[in-house]
Amino acid sequence: MKAIVYTKYGPPDVLHLEEVEKPAPKDDEILVKVHAVSVNRSDWEGLRGEQFVRIGGLLKPGHQILGSDVAGRVEMAGREHSQFQPGDEVFGEMWGYHGGFAEYVCTRGTTWALKPAGLTFEQAAAIPQAGVIAMQGMGDKGQVQPGQRVLINGAGGGAGSFAVQLAKLYAAEVTGVDNTSKLDFMRSLGAEHVIDYTREDFTKNGKQYDLILDVIAHRSVFAYQRALTPNGSYFAVGGSLATVFQILLLGAWIRRSTSKNIRILAIRRSRKDLVSITELCEAGKVVPVIDRRYPLREVPEALRYLGE
Ligand SMILES: NC(=O)c1ccc[n+]([C@@H]2O[C@H](COP(=O)([O-])OP(=O)(O)OC[C@H]3O[C@@H](n4cnc5c(N)ncnc54)[C@H](OP(=O)(O)O)[C@@H]3O)[C@@H](O)[C@H]2O)c1
């Protein structure tokens with residue numbers, strides 16, 4: 001089969017279209033013919049060897065095919081696989097965020113779901129990672145109450161664009177933060193207030209929020225504390241390692257000494273959350289936004305665009 005392969009960390013130029021062996025499903029796996037795969041920031045991090053990626057491969061990638069969020073049709077099911085049948089249209093996230101930039105993938109599919117007929121393969125592939133981050137950041141345990149002030153940092157990206165729409169659905173007052181070119185986009189998703197991060201630091205404008213979801217945390221933990229209302233919550237899902245470690249170290253102390261809840265949100269792979277956000281998409285209440293489309297051979301171009 002054809003796949004986009006890389007053998008060293010680097011810019012998108014290190015990715016190449018190659019002929020590789022078609023994977024064979026283990027007894028508990030399915031073989032899926034890939035119809036669409038989305039490009040996520042996790043692919044960029046995997047390409048560059050950023051964040052925690054080098055735990056799986058210190059000097060060179062532990063896996064040679066990137067690509068996390070796949071939608072396709074089941075071609076074969078292993079003897080012990082009981083959930084999906086050949087012919088089923090399915091979608092979900094690849095374990096370890098790899099394998100998807102290829103014509104076929106094998107997966108146990110434990111957190112995958114049937115693709116609703118009302119969504120295209122492309123729309124379905126846009127949902128898993130970004131949509132589940134948004135669900136767990138916004139929706140868990142009725143976090144967001146009507147009228148609450150919610151800020152999403154990185155609101156113009158994958159997870160952020162779902163989170164803005166969910167927060168609006170929960171009747172929150174939403175502030176989106178991203179770069180100048182995405183201000184109108186964030187407004188179009190429903191954000192009442194938008195902040196251009198290249199011009200304004202939301203932790204220094206005197207405003208406070210009941211919930212902050214941050215996909216790109218890079219400030220001091222005390223800056224986030226300042227931007228929270230007395231009982232507010234701050235959840236970081238991505239960002240610089242320095243900030244992640246600071247939140248891990250100091251977040252617990254802030255939680256104990258104040259009523260502010262500052263933490264890293266470790267996203268759980270969850271079929272329930274995937275199905276919930278997908279139902280909202282199928283009902284037209286949330287839109288999976290597709291910026292551009294590329295054929296498989298142009299995955300390097302897609303990643304270059306994402307990186308830029
Ligand atoms: N915690 C977990 O368990 C878990 C699980 C899965 C994934 N993740 C992580 O979650 C993150 C998900 O991100 P995503 O897929 O939504 O990324 P994305 O699509 O790249 O969106 C990030 C957005 O943030 C913007 N941005 C960049 N710098 C900013 C700044 N200083 N202030 C505000 N906005 C800024 C980007 O715009 P520009 O164009 O300006 O860069 C982009 O629009 C990834 O880092 C991924 O690794 C975490």
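Colleague: Which backbone does the ligand nitrogen sit 2.8 Å from?
Modeller: Leu265: a polar backbone atom there is 2.8 Å from a nitrogen atom of the ligand. Keep in mind that this is a predicted model, where local features need pLDDT of at least 70 and side-chain atom pairs need 80 or more, while totals for chains, interfaces and linings use all residues.

Colleague: And which side chains have an N or O atom by a ligand oxygen?
Modeller: Tyr197 is one, with a side-chain N or O atom 2.5 Å from an oxygen atom of the ligand. Asn179 is another, at 2.7 Å from a ligand oxygen. I count such polar contacts as N or O pairs within 3.5 Å.

Colleague: How much of the ligand does the protein bury?
Modeller: 83% of the 940 Å² that the ligand exposes when taken alone. That's Shrake-Rupley area with a 1.4 Å probe.

Colleague: Which elements give two or more residues to the shell?
Modeller: Helices H1 (41–48), H3 (128–139) and H4 (158–169), plus strand E9 (173–178).

Colleague: How many residues surround the ligand, and which are closest?
Modeller: There are 24, the closest being Arg41, Glu45, Asp178, Lys182 and Tyr197.

Colleague: Where do Lys168 and Glu192 sit in the chain?
Modeller: Lys168 is in helix H4, and Glu192 is in the loop between helix H5 (183–189) and strand E10 (193–196). They're 24 residues apart, so the pair links distant parts of the chain. Numbering runs from 1 along each chain as its sequence is written, and side-chain values use heavy atoms, with hydrogens and water left out.

Key
Near = heavy atom within 4 Å. Polar contact = N/O pair within 3.5 Å; in protein donor to acceptor, adjacent residues only side chain to side chain. Helix = DSSP H or I, 4+ residues; strand = E, 2+ residues; numbered from the N terminus.
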